[in-house]
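Dear colleague,

I am passing on the structure below for you to look at, and after it I set out what was found. Please read the notes with the model open beside you.

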Amino acid sequence: MILDETYWQERYENDTAAWDLGHASRPLKTFIDNLEDKGIAILLPGAGYGHEALYLYSQGFTNVTVVDVASASLKHLASKLPTDHGYSLLHQDFFAHTGLYDLILEQTFYCALELRFRESYFKHMHRLLNKHGMLAGLLFHFEQKKPGPPFTCTPEEYKRMAQRYFTIRLLEPCTISEPSRAGKELFLQLQKQADGD
Ligand SMILES: C[S@@+](CC[C@H](N)C(=O)[O-])C[C@H]1O[C@@H](n2cnc3c(N)ncnc32)[C@H](O)[C@@H]1O
């Protein structure tokens, strides 16, 4: 299965975005609520309808970038944000995106990528972070009964790939998942290693 721009665009156009929660997820809201500096540069890759971007806006965060290959999702998000939002909504492939961020928020993006992108996901995240920047969010961990997406990994696989570029601050079962994802998610906090290649 090729999970390219056409695939994702059609999922939004056909109204089959089954992953969409319709609101910012509880674990990410809780994480955001604990951030003190509202001016940090934040990236939301593969943000879909961008409910977390809307939440960040409502909480006064000023420097947010959203990247998604599906223009339909970005159009929807733009219609929900005030016209003077000042956020960057980029119709772009994550792997072509350049920039430097203090924080990148992950949610159902990694699990949407073809398996061949697994290693390069962590490598590109490392490139996009400032010194000591952090990648935080949710990763799926469940028994894969049918072919993805969503694709899952074991905690050991996540650790093996991440530790080449990051110091693992946290990779633990999420205890405040949305009900539909309870027991299927890990919460992740990775800090950039200055010398990861
Ligand atoms: C499963 S959806 C999750 C959307 C959102 N994170 C959420 O939680 O509702 C995956 C999203 O990643 C986007 N996507 C997939 N591959 C991408 C890529 N290479 N670069 C940027 N966005 C991508 C898709 O268009 C889609 O919006």
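By class, the residues lining the largest cavity comprise 5 nonpolar, 2 polar and 3 charged, where Ala, Val, Leu, Ile, Met, Phe, Trp, Tyr, Cys and Pro count as nonpolar, Asp, Glu, Lys and Arg as charged, and the others, Gly among them, as polar. This is a predicted model, in which local features need pLDDT of at least 70 and side-chain atom pairs count only at pLDDT 80 or more, while totals for chains, interfaces and linings use all residues. Residues are numbered from 1 along each chain as its sequence is written, and side-chain values use heavy atoms, with hydrogens and water left out.

The structure holds 1 cavity of 30 Å³ or more, a cavity being a set of points on a 1 Å grid over the protein atoms alone where a 1.4 Å probe fits but cannot get out, with lining residues having an atom within 4 Å of a point. The largest cavity contains about 60 Å³ of space, the volume being that filled by probe spheres set on the points, which are joined across faces, edges and corners. Its lining is made up of Glu106, Gln107, Thr108, Tyr110, Cys111, Leu138, Leu139, Phe140, Arg181 and Glu185. Two or more of the lining residues come from each of β4 (101-107) and β5 (129-140), strands here being DSSP runs of E of at least two residues, and helices runs of H or I of at least four, numbered from the N terminus. With 3 residues, β5 gives the most to this lining.

Two helix pairs were also examined. Helix α5 (residues 118-128) packs on helix α6 (residues 155-162) at an angle of about 50°, with the axes 9 Å apart, axes being lines fitted to C-alpha atoms over the stretch in contact and angles running from 0 to 180 degrees between N-to-C directions. The contact (heavy atoms within 4.5 Å) joins Arg118, Glu119 and Phe122 of α5 to Glu157, Tyr158, Arg160, Met161 and Ala162 of α6, and its residues divide into 4 nonpolar, no polar and 4 charged.

In the other pair, helix α2 (residues 26-33) and helix α3 (residues 51-58) have axes that come within 11 Å and cross at roughly 30°. Here Leu28, Lys29, Ile32 and Asp33 of α2 meet Glu52, Tyr55 and Leu56 of α3.

Best regards

Definitions and conventions:
1 Å grid on protein atoms, 1.4 Å probe; cavity = no way out; pocket = protein on both sides within 12 Å on 5 of 7 lines; lining within 4 Å.
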